[in-house]
Structure formats: C-alpha cells, structure tokens
Amino acid sequence: METAGVVDELVSRDAREFGTYARTGGWAFALKVARSVRPGGQSAGETPKISAKDFAELAGCSAERVMRYYKAWDKAADDGLVPHFEVLVPGQDIELPDSDAWLSYYTARSSAASERGTAIAAAAEAEGIRPTKALEVAENPTALRAAILADPSTAQAARAALLDRLREDPALQTELARDIVRTEDLKKAVATETQAAGRIGYVRQIVENGQVKTPAGQTIDAPAALRAEAERHLSLLDELDDDEEAGQWVTDAYDTVKGLVAETVEADPELRVQERRTKFYSSLQKATKVFEELTFEDADDMDDIYEDDMLQRLEELQAALSTCITNLRKAAPQS
C-alpha cells in the first residue's frame with residue numbers, strides 16, 4: 001500500500017475532491033456557481049463574479065445547466081441551508097450540506113419546469129419518492145421498457161400504475177382495448193376472465209341478495225341450503241391471493257351452484273312447470289325475432305338467393321309449427 005508521503009499531489013487532490021463530492025453531492029459544484037456567478041441585480045462593476053453565460057462558456061457547458069445549479073442554491077439559501085449569493089466571494093469554501101439534501105433542490109432536467117414535468121414531480125412527491133427519480137424514468141422510456149421486460153416486480157408495478165391511470169384516462173382505455181382485441185392471446189385471456197367474473201357474480205348474487213336465476217331466466221328465492229353452499233364457495237374464492245390461479249375454484253363454485261339450482265327447480269312441481277313455460281316463451285321470442293329479420297330483409301330479392309334447400313327447410317319448419325299449434329290448441333282450456 002502506498003504511503004501518504006509518496007502519493008502524487010494531483011492524485012491526492014483528486015481523492016480529496018472525490019471525498020468532498022461523496023459527502024456533499026451536487027453542493028460542491030453548486031458552490032462553484034454560487035461564488036462565481038453574478039446574482040441578479042448586480043452589475044459587472046460591483047463584483048468580480050461573471051454572468052452565467054460567461055461561466056458556462058468557460059466551463060464548456062450550457063448556460064441552462066449552470067442556471068439549474070444556480071436555482072438549486074437559491075432555493076436552499078431561501079430555506080437557510082446555505083449562504084445567499086451576495087455574501088459569497090470567488091474561491092470561498094464553506095461547510096456544505098449533506099448530499100441527501102441536494103436532490104430536494106436540484107432539478108436535473110429542464111423538463112421538470114414544463115407542465116408535464118410539474119405533473120410528474122407532483123406525482124412523485126405524492127408517492128414519497130424524489131421527483132428527479134421519476135423525471136429520469138419519464139425521459140428514458142427505453143430503459144423503463146427494458147426493466148419491465150426483464151423484471152417481474154417492475155412489470156407488476158407498471159401494471160398497477162397503468163390501471164390507476166386508466167380510471168381517469170378514457171383515451172388510454174380506448175387505445176388499450178384496441179390493442180387487446182388486435183392481439184389474439186390477449187383477447188382470449190380477456191374472454192376467459194370475463195367468463196370467470198360473470199360466474200363469480202352469479203354465485204355472489206345468491207349470497208348477497210338471496211335470489212338466483214334459473215336456467216330459463218326466472219328469478220327465484222334461493223333455498224337456505226343453496227345459499228349456504230354458495231357462501232361457502234364464495235368464501236374460498238375470497239381467500240385466494242391475487243397471484244393464485246382461481247380458474248378451477250370458479251368452475252367448481254359455478255357448477256355446484258348451477259346443479260343445486262336445477263335440483264331446486266325439479267323438486268318443486270309448480271316451479272318446474274313455470275320453468276318449462278318460461279323456456280318455451282324465451283325460445284319462441286328468439287325464433288320470432290330471427291324469422292322476422294329473415295323475411296323483412298330478404299323478401300325483395302328471393303330470386304337472387306333461392307336454393308332448393310331453403311324451401312325444404314321452410315316447409316319442415318312450417319310442419320313443425322303446425323304440429324306445435326295443434327298441440328297447444330288441444331291443451332287450451334275448453335270454453
């Protein structure tokens with residue numbers, strides 16, 4: 001190991017300056033600006049300090065960059081953390097604040113002064129993080145993309161943030177919906193989740209409202225045993241962690257409840273008859289709507305669309321309708 005006596009002075013100076021920066025961060029550079037750049041209101045004849053533009057030219061950087069350090073020092077001086085510009089002279093050294101305080105005052109990017117930057121900074125403060133960190137991420141979307149692709153925890157954080165944003169951004173909702181329907185795998189996943197949510201809703205409705213829909217669409221009061229079984233399955237679903245696969249649990253709950261509903265209908269003669277009546281009416285209304293649309297839309301161009309098979313199918317349908325009408329007339333109460 002080298003001894004202090006034989007270390008080159010230039011190396012020693014670098015080490016000392018490195019140590020200063022390690023302790024103070026940007027304050028070390030801000031001090032150079034604060035003691036060398038002329039504050040507003042002072043003329044060139046009043047002080048040996050120079051303008052930010054001249055300082056930047058000597059430093060080989062932009063005046064904008066110099067002014068960011070200048071403004072950071074000015075804010076800290078207003079808070080009593082450092083001396084004001086006017087009391088500092090070129091070359092003067094002072095005790096500098098800790099490096100952790102620097103990021104509270106320094107805005108590393110000009111975008112922070114924009115409306116977008118202000119919004120990002122405010123959101124960062126609300127989340128309890130330094131605005132400079134959020135601004136850095138916002139200005140480097142490629143790095144953000146890389147982190148999301150490589151790290152599951154970053155992807156989860158991005159997903160949660162995106163969901164929060166979607167609630168207040170209708171345009172983004174539309175764009176994301178379009179992306180989903182254009183991506184086959186995502187479209188299938190959404191359809192699967194939608195079906196699962198509908199099935200969970202079916203079970204939850206029984207527990208919360210005490211009512212259930214039959215296969216034919218009747219709404220009936222759920223028997224106590226059915227409601228208890230629905231509540232048991234729902235509690236199992238609610239206990240699952242967010243990252244647990246709920247597919248089989250949802251299927252079991254839905255199939256069990258649907259089976260019990262069917263048993264309830266079959267066990268009650270009056271309810272069973274009403275179920276058959278409701279199902280008949282439902283099928284009749286659907287068939288009527290379809291046939292009306294078929295005839296109204298195609299009546300004017302039958303010559304163009306005619307096929308022998310069409311006529312045969314309609315004749316078979318006519319025979320079935322005649323049989324159904326005859327049977328209903330026989331069942332009608334005699335006057």
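Predicted model: local features only at pLDDT ≥ 70, side-chain atom pairs only at ≥ 80, totals over all residues.
**Exercise 1. Which residues in H7 meet which residues in H8, and how do the two helices pack?**

Residues are numbered from 1 along each chain as its sequence is written, and side-chain values use heavy atoms, with hydrogens and water left out.

Step 1. Find the contacts, meaning heavy atoms within 4.5 Å: Ala147, Ile148 and Ala150 in H7 meet Pro152, Thr154, Ala155 and Ala158 in H8.

Step 2. Sort these residues by class, where Ala, Val, Leu, Ile, Met, Phe, Trp, Tyr, Cys and Pro count as nonpolar, Asp, Glu, Lys and Arg as charged, and the others, Gly among them, as polar. The contact of H7 with H8 then has 6 nonpolar, 1 polar and no charged residues.

**Exercise 2. Describe the lining of the largest pocket.**

Step 1. The lining comprises 26 residues, of which Ala123, Val137, Leu144, Ala161 and Leu162 lie nearest the centre of the pocket. A pocket is an open set of points on a 1 Å grid over the protein atoms alone, where a 1.4 Å probe fits, with protein on both sides within 12 Å along at least five of seven lines; lining residues have an atom within 4 Å of a point.

Step 2. Two or more lining residues come from each of helix H5 (115–126), helix H6 (131–138), helix H7 (141–150) and helix H8 (152–166), and H8 gives the most, with 9 residues.

Step 3. By class, the lining has 18 nonpolar, 1 polar and 7 charged residues.

**Exercise 3. Are alanine 119 and glutamate 193 exposed or partly exposed?**

Step 1. Apply the cut-offs: buried means under 20% relative accessible area, exposed over 50%, and partly exposed in between (1.4 Å probe, protein chains only).

Step 2. Alanine 119, placed in helix H5, is partly exposed because its relative accessible area is 47%. Glutamate 193, which lies in helix H10 (residues 184–209), is exposed because its relative accessible area is 52%.

Definitions and conventions. Helix = DSSP H or I, 4+ residues; strand = E, 2+ residues; numbered from the N terminus.
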